[in-house]
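The sequence and the coordinates are shown first, and the description follows.

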Amino acid sequence: MNRDTAVYLPSSLVIDIEEIDEQHANLFFRLAALKMQCIETNEFPSEAASALLDILEEHCATEERLAGISGVDFSAHAVKHQKMLAAINKAVEEIHEHKIDVFSVLRYIEYWFERHIVEEDLHLGQHLRQTSSRQFVAETRHVRPAHAAAGLPHAPLLAPSHP
Ligand SMILES: [Fe+2]
């Protein structure tokens, strides 16, 4: 994992799927950076916020892709992603319309994100790991050892010498 962003991901939220953990860490890092930018400039950085939303959408797509590859039912999880993305987009619009405070929105995103990892992504990680270890076992059962492929009953005791 990227060492610069890894520190932003609490160990209790690590799901042990490298690609997803990397993205989670990057999202927490960007959220913290966005908060600092708001404090320093006293303005809402629209471009940084929309970049964060793009990364969040990409992240949701990554989870869906990995679940699809592993045959994990992702329908309920995908609905939660859609609701979350709609709620955050609406909140960002309300910041632009000065209806809501930017720090309230950032706190909401961070809270939602952490809760979502605990309630959904940790289970997803468990399913993905189980599926990949089952696939590994299935694949190794189909590999014929070299001695069997050569028609020998046992593996040779000594490796053949090469001239
Ligand atoms: Fe998720």
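The expected span of a helix is 1.5 Å times one less than its number of residues. In this predicted model, helix α3 covers residues 46-70, and its 25 residues reach 36 Å from the first C-alpha to the last, close to the 36 Å expected. Helix α2 (residues 18-41) has 24 residues that should span 34 Å at 1.5 Å a residue; because its end C-alpha atoms are 34 Å apart, the two values agree.

| Helix | Residues | Length | Span between end C-alpha atoms | Expected span |
|---|---|---|---|---|
| α3 | 46-70 | 25 residues | 36 Å | 36 Å |

**Overall architecture**

The protein contains 6 helices and 0 strands, giving the pattern α-α-α-α-α-α along the sequence. Of its 163 residues, 18% are buried. Among the contacts with a sequence separation of 6 or more, 57% join residues 24 or more positions apart.

**Helices α2 and α3**

The buried residues of α3 are Ala49, Leu52, Leu56, His59, Glu63 and Leu66. An α-helix has 3.6 residues a turn, so residues three or four places apart point the same way. In α2, the buried residues include Ile20, Asp21, Gln23, His24, Ala25 and Leu34.

**Nonpolar cores**

The largest nonpolar core comprises 16 residues, and Val105, Leu106 and Ile109 have the most contacts inside it. Two or more residues of this core come from each of α2, α3, α4 (75-96) and α5 (102-141). The greatest contribution is that of α5, with 6 residues. Leaving aside residues up to four places away in sequence, Val105 touches Ala91, Val92, Ile95 and Ile100. A second, separate core has 6 residues, including Ile17, Ile20, Leu66 and Leu124.

**Glu120 in helix α5**

Is Glu120 buried, exposed or partly exposed? This residue of helix α5 counts as partly exposed because it has 18 C-beta neighbours inside 10 Å, whereas a buried residue needs 20 or more. When residues up to four places away in sequence are not counted, Glu120 touches His77 and Lys80. Although Glu120 and Lys80 are 40 residues apart along the chain, their C-alpha atoms are separated by 9.0 Å.

Notes. Residues are numbered from 1 along each chain as its sequence is written. This is a predicted model: local features need pLDDT of at least 70, side-chain atom pairs count only at pLDDT 80 or more; totals for chains, interfaces and linings use all residues. Helices (H or I, at least four residues) and strands (E, at least two) are DSSP runs, numbered from the N terminus. A residue is buried if 20 or more other C-beta atoms lie within 10 Å of its own, exposed if 12 or fewer, and partly exposed in between; C-beta atoms are placed from the backbone. A nonpolar core is a set of buried Ala, Val, Leu, Ile, Met, Phe, Trp, Tyr and Cys residues joined through C-beta atoms within 7 Å. Two residues are in contact if their C-beta atoms, placed from the backbone, lie within 7 Å.
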